Number of protein chains: 2
Amino acid sequence: MSKDHINVGLIGFGVVGGGTARILAENAETIAKRVGAPITVKRIAVRSLDRARDFAVDPAILTTRPEDVTDDPEIDIVCELVGGMDPAYDLVMRAIKNGKNIVTANKEMMAKSGNALLHAAEQNGLDFSFEGSVAGGIPIIQPLKQALAGNKFRKVAGIVNGTTNYILSKMTSDDADFADVLAEAQAKGYAEADPTADVGGFDAQYKTAILASIAFNSRINLADISVEGITKIAKRDIEVAKDLGYVIKLLGIGEDLGGAVSVRVHPVLLPKSHPLASVNDVYNAVFVQGDAVGDVMFYGRGAGSMPTGSAIVGDIIETARNIRSGSTGRMGCTCFDSKPAVGVDQLEAKFYVRLVAHDRPKVLASIASVFGDFDVSIESVVQRALPDGDAEIVWITHKAIEANLRSALDVIGRLKFVAGVQNSIRVEE
Amino acid sequence: MSKDHINVGLIGFGVVGGGTARILAENAETIAKRVGAPITVKRIAVRSLDRARDFAVDPAILTTRPEDVTDDPEIDIVCELVGGMDPAYDLVMRAIKNGKNIVTANKEMMAKSGNALLHAAEQNGLDFSFEGSVAGGIPIIQPLKQALAGNKFRKVAGIVNGTTNYILSKMTSDDADFADVLAEAQAKGYAEADPTADVGGFDAQYKTAILASIAFNSRINLADISVEGITKIAKRDIEVAKDLGYVIKLLGIGEDLGGAVSVRVHPVLLPKSHPLASVNDVYNAVFVQGDAVGDVMFYGRGAGSMPTGSAIVGDIIETARNIRSGSTGRMGCTCFDSKPAVGVDQLEAKFYVRLVAHDRPKVLASIASVFGDFDVSIESVVQRALPDGDAEIVWITHKAIEANLRSALDVIGRLKFVAGVQNSIRVEE
């Protein structure tokens with residue numbers, strides 16, 4: 001007989017936990033009809049019982065012992081919302097051993113140990129869902145696993161970090177420096193006091209690992225993902241890119257190169273006509289290329305109490321339906337392949353290079369000749385005189401092997417008439 | 001014991017049927033791993049056995065009798081891909097009575113009779129999926145029913161007809177007239193010889209009925225949807241809109257007004273910053289507003305053999321998983337509410353009005369005064385002298401009840417110094 005009531009336990013009651021509880025309460029009637037049974041939050045494990053909270057619940061359901069959630073025989077679904085590896089991983093494993101279906105938004109845990117967790121859930125015939133771990137409220141994991149599952153995916157590319165997208169958008173719209181916008185973002189609460197995880201690209205690295213693992217059915221190790229953040233992006237790069245018809249975005253990219261995969265996080269120059277180019281401020285978007293569907297894009301809010309809560313509740317609803325139809329575990333881990341990773345050095349890409357040189361005869365020709373020595377051919381070059389007698393030279397290369405470009409820039413950087421290579425950024429098409 | 005092989009039968013082997021068979025064949029290995037069992041096309045009902053086809057299959061599986069598909073005891077999933085009501089509806093009902101799970105891309109059948117079909121499938125414990133019926137390959141129906149199911153939806157708004165979006169995009173980019181672009185689209189095969197279903201908005205009406213029914217959990221009757229196509233959009237309207245910071249798009253819109261719903265298809269002026277504004281050419285996109293998730297958008301190809309085939313195969317894969325886990329019918333018809341429809345006349349909207357008047361003193365004031373008589377207040381007005389001594393006057397109103405605006409335009413159109421009201425178009429925010 002199918003269960004006529006679903007009990008949920010939350011571990012963690014911060015921003016996302018609060019949003020989750022609020023949605024389950026405020027939309028309880030609609031959700032019950034969509035599921036065919038009511039869903040109740042039965043227990044919430046918190047760090048401290050007497051902290052003030054955005055969304056108030058009956059204090060009787062709060063506990064400081066997460067085991068009261070993982071071990072409660074009446075709880076059907078455990079939502080892990082504390083983040084990080086410790087104690088999240090052990091608690092989730094404990095819950096799985098106790099026969100609980102899992103919903104989590106924990107990107108770090110999924111990127112580092114998703115494999116072990118998904119297999120444990122599968123062996124126990126349980127659902128394990130993590131839609132909220134990537135791009136907040138935007139449905140992307142379910143669509144990759146379900147509606148788009150007929151496709152072989154060639155590429156996933158996402159703006160998956162709101163902080164860096166906010167900073168780059170502001171630098172673009174206000175013609176402002178990185179440091180100033182970062183300070184403003186910190187003041188507004190859009191960036192952490194220690195912004196490294198965001199501006200260094202490491203938050204995006206976790207999310208890209210998850211996206212690429214699902215798209216390519218192959219577990220992507222964090223160590224195989226090259227990561228470059230946005231700290232080197234200057235106001236001038238954004239200005240020059242704009243003149244050339246591009247915007248600068250931080251993308252998490254996974255590509256299937258015909259068996260091997262390349263997964264990486266780095267800034268790119270993106271043509272203004274690209275669907276991702278107009279995704280601004282704290283919005284996220286994930287662009288997917290499938291062999292059948294072609295280009296699709298998913299756009300929305302990548303973080304926040306209610307958007308991420310929406311993803312959590314979506315997973316709870318699906319799990320509840322599976323519990324009621326006796327089909328939990330119907331879709332297990334999809335990482336059945338093991339595709340080798342290709343280092344970013346071996347990839348071909350177009351590059352934007354901005355450098356400053358002394359403004360003397362033959363400088364342009366000499367630099368161009370070094371590019372040529374390393375098999376890097378040039379698509380366009382723009383030279384501009386600087387007030388101090390130097391010249392800024394901006395190059396867009398044709399597709400070149402990245403290692404060759406790096407070698408060329410090494411040599412160019414040591415030419416005596418080159419004051420400095422300011423930046424080199426990949427150009428997406 | 002779970003089925004170790006899933007058999008599919010197709011009814012219809014045209015553009016979408018060919019794409020479906022191709023994807024199932026070319027991606028067979030990946031799909032089998034994702035499902036846990038191989039999926040085979042066992043039988044295909046066609047109109048004529050000897051027509052040349054884009055994708056060749058073993059002729060032995062072709063039949064001209066659709067009953068060979070609906071009645072085959074070895075077939076698990078029947079895909080109806082012939083379109084229209086007759087004979088599709090009867091064939092699908094027959095297949096349901098024979099215990100077949102259904103996948104269809106038939107927008108007309110779903111908009112007209114989705115309720116009866118979904119209930120019949122539900123009573124028989126069968127899956128019934130129709131992702132391909134709206135916006136081709138773009139996942140939208142699954143996300144609304146699953147990942148976003150925690151939300152109460154306030155609004156869905158979609159560019160769901162590729163032909164009209166192509167025509168409007170071309171009129172905008174090439175500064176061209178409707179008739180010329182339509183002729184070009186017909187030559188390219190983007191528009192039918194009889195383009196009424198597309199340019200009249202009726203194709204979008206079916207799709208909007210489906211979207212709104214799912215979003216609002218209430219069956220939307222076609223008769224309750226007001227429909228206006230793009231035939232009245234002049235090159236000049238697009239030009240003026242552009243100057244004012246807008247683009248013109250044909251949208252299918254559903255809104256929950258707090259219990260009652262408004263569903264309609266009509267052209268709108270959309271601010272250039274709106275996510276839907278940069279969706280061009282044959283691309284489709286659906287914009288959704290949920291109370292928890294906020295704004296999300298789904299973008300991609302809305303038609304074509306492989307994109308729509310991608311949606312069909314995604315539905316087949318989900319159904320196959322449900323068959324294997326014994327949970328077909330786990331998600332039934334979600335139209336459990338019955339919300340009254342509000343006529344478009346009763347809605348408030350901002351309007352763009354373009355009219356031509358004789359260029360004489362007090363003309364502007366007289367017209368403005370008529371607007372005022374009908375409670376329509378004006379946000380902005382731009383007057384431009386025409387070569388022949390007349391003046392073009394473009395008005396953007398504040399929010400006004402549509403019926404009031406229509407009454408005002410009736411009176412204005414009969415003023416002796418007004419040569420004609422050229423167009424009035426809703427302005428979206």
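Predicted model: local features only at pLDDT ≥ 70, side-chain atom pairs only at ≥ 80, totals over all residues.
Chain B has a cis peptide bond between D86(B) and P87(B), with omega of about 10 degrees, and P87(B) lies in the loop between strand 4 (77-80) and helix 4 (88-97) of that chain.

How many of the residues of strand 10 of chain A are buried? For this strand, residues 261-271, the count is 11 of the 11, so strand 10 is largely enclosed by the rest of the structure. In a regular strand the side chains alternate between the two faces of the sheet. In strand 10 of chain A, V261(A), V263(A), V265(A), P267(A), L269(A) and P271(A) point one way, while S262(A), R264(A), H266(A), V268(A) and L270(A) point the other way, and all of these residues are buried.

Strand 10 of chain A runs antiparallel to strand 9 (residues 246-256), to which 11 bridges join it, and G254(A) stands opposite V263(A) in this pairing. The hairpin of strands 9 and 10 has 4 residues between the strands, and in it G258(A) takes a positive phi near 85 degrees. Strand 10 also pairs in the parallel sense with strand 8 (residues 226-227) of chain A over 2 bridges, with S226(A) opposite R264(A). A further 2 bridges join strand 10 to strand 17 (residues 418-427) of chain A, again in parallel, and here V268(A) stands opposite R426(A).

## Where the two chains meet

At the interface, 52 residues of chain B are in contact with 52 residues of chain A. The area buried between the chains is about 4,400 Å², of which carbon and sulfur atoms give 52%. R34(B), Y299(B) and R330(B) supply 15% of the area that chain B buries against chain A, more than any other three residues. Strand 12 (residues 294-301) of chain A pairs with strand 12 of chain B in the antiparallel sense over 3 bridges, and in this pairing M297(A) stands opposite Y299(B).

Between the chains there are 4 salt bridges, and the side chains of E318(A) and R330(B) meet in a salt bridge at 2.7 Å, N to O. The largest share of the side of chain B that touches chain A, 9 residues, comes from helix 12 of chain B. By class, that side has 23 nonpolar, 16 polar and 13 charged residues.

## Two positive phi values in chain B

K362(B), which is not a glycine, has a positive phi near 70 degrees; its place is in the loop between strand 13 (348-358) and helix 13 (363-373) of chain B. D375(B), also a residue other than glycine, has a positive phi near 65 degrees and sits in the loop between helix 13 and strand 14 (378-385) of chain B. K362(B) is exposed, with a relative accessible area of 69%, and D375(B) is exposed with a relative accessible area of 65%.

How values were computed
Residues numbered from 1 in each chain as written. Chains lettered and ligands numbered in written order. Heavy atoms only, no water. Buried < 20%, exposed > 50% of the residue type's maximum accessible area, 1.4 Å probe, protein only. Pairing = 2+ DSSP bridges. Contact = heavy atoms within 4.5 Å. Buried area = accessible area lost by both parts, 1.4 Å probe. Nonpolar A, V, L, I, M, F, W, Y, C, P; charged D, E, K, R; others polar.
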